[in-house]
Amino acid sequence: MENQQNFFGDRVKQARKNAGLTQAELAEKVNMDVTTISRIENGAQFTPFPSMLNFSKALNVHFDYLICDYLEAGPDLSNPLDSKILDIISPLPDNYKLFILKEIQNLIQHFPTGE
């Protein structure tokens, strides 16, 4: 459990920094004190499941990014345009998403490569 908790804390810290938040700002968003945030980030404190979900929402990252060690990086939702695109696409059925994916891939083929 300790390794899992350290992993979660590392991901929280990484996501917090990516979001440009201090520990105090994150603490306010998740309704915890700064000492608790520090202990979580250092793996010294267990984080209950509901609190993990709160971190996911507060940091604007997918929950699996915070808990799964097989992911290299989560999407950068700090970019408002990326976030807007995901907000538009997320509620669509998978067949529509697949269509959009193919169209995006076709469009990207026509972009200059910068070579």
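Reader: How far apart are the axes of helix 2 and helix 4 (residues 49–59), and at what angle do they cross?

Author: Two packed helices are described by the distance between their axes and by the angle between them. Here the axes of helix 2 and helix 4 come within 9 Å and cross at roughly 120°. The axes are lines fitted to C-alpha atoms, for helices over the stretch in contact, with angles from 0 to 180 degrees between N-to-C directions. This is a predicted model: local features need pLDDT of at least 70, side-chain atom pairs count only at pLDDT 80 or more, and totals for chains, interfaces and linings use all residues. Residues are numbered from 1 along each chain as its sequence is written, and side-chain values use heavy atoms, without hydrogens and water.

Reader: Which residues of helix 2 and helix 4 meet?

Author: From helix 2 come Leu26, Lys29 and Val30; from helix 4, Asn54, Phe55, Ala58 and Leu59. Contact means heavy atoms within 4.5 Å. By class, the residues of this contact are five nonpolar, one polar and one charged. Ala, Val, Leu, Ile, Met, Phe, Trp, Tyr, Cys and Pro count as nonpolar, Asp, Glu, Lys and Arg as charged, and the others, Gly among them, as polar.

Reader: Which residues of helix 2 are buried, and how are they arranged around the axis?

Author: An α-helix has 3.6 residues a turn, so residues three or four places apart point the same way. In helix 2 (residues 23–30), the buried residues are Leu26, Ala27 and Val30. Seen down the axis, they fall within an arc of 105°, so they line one face of helix 2. The arc is taken from the directions from the helix axis to the C-beta atoms. Glu28 and Lys29, on the other side of helix 2, are exposed. Buried means under 20% relative accessible area, exposed over 50%, and partly exposed in between (1.4 Å probe, protein chains only).

Reader: What is the phi of Asn31, and where does this residue sit?

Author: Asn31 has a phi near 60°, a positive value in a residue other than glycine. Asn31 lies in the loop between helix 2 and helix 3 (34–41) and is exposed, at a relative accessible area of 73%. Asn60 also has a positive phi, about 55°, and is not a glycine. Its loop runs between helix 4 and helix 5 (63–67), and Asn60 is partly exposed at 37%.

Reader: Which residues does Ile67 contact beyond its sequence neighbours?

Author: Ile67, in helix 5, is in contact with Phe7, Phe8 and Met52, leaving aside neighbours within four places in sequence. Ile67 and Arg11 are 56 residues apart in sequence, yet their C-alpha atoms are 7.8 Å apart. With a relative accessibility of 38%, Ile67 counts as partly exposed.

Reader: How many helices and strands does the chain have, and what share of its residues is buried?

Author: The chain has seven helices and zero strands. Helices (H or I, at least four residues) and strands (E, at least two) are DSSP runs, numbered from the N terminus. Of the 115 residues, 26% count as buried. Among contacts with a separation of 6 or more, 49% join residues 24 or more positions apart.
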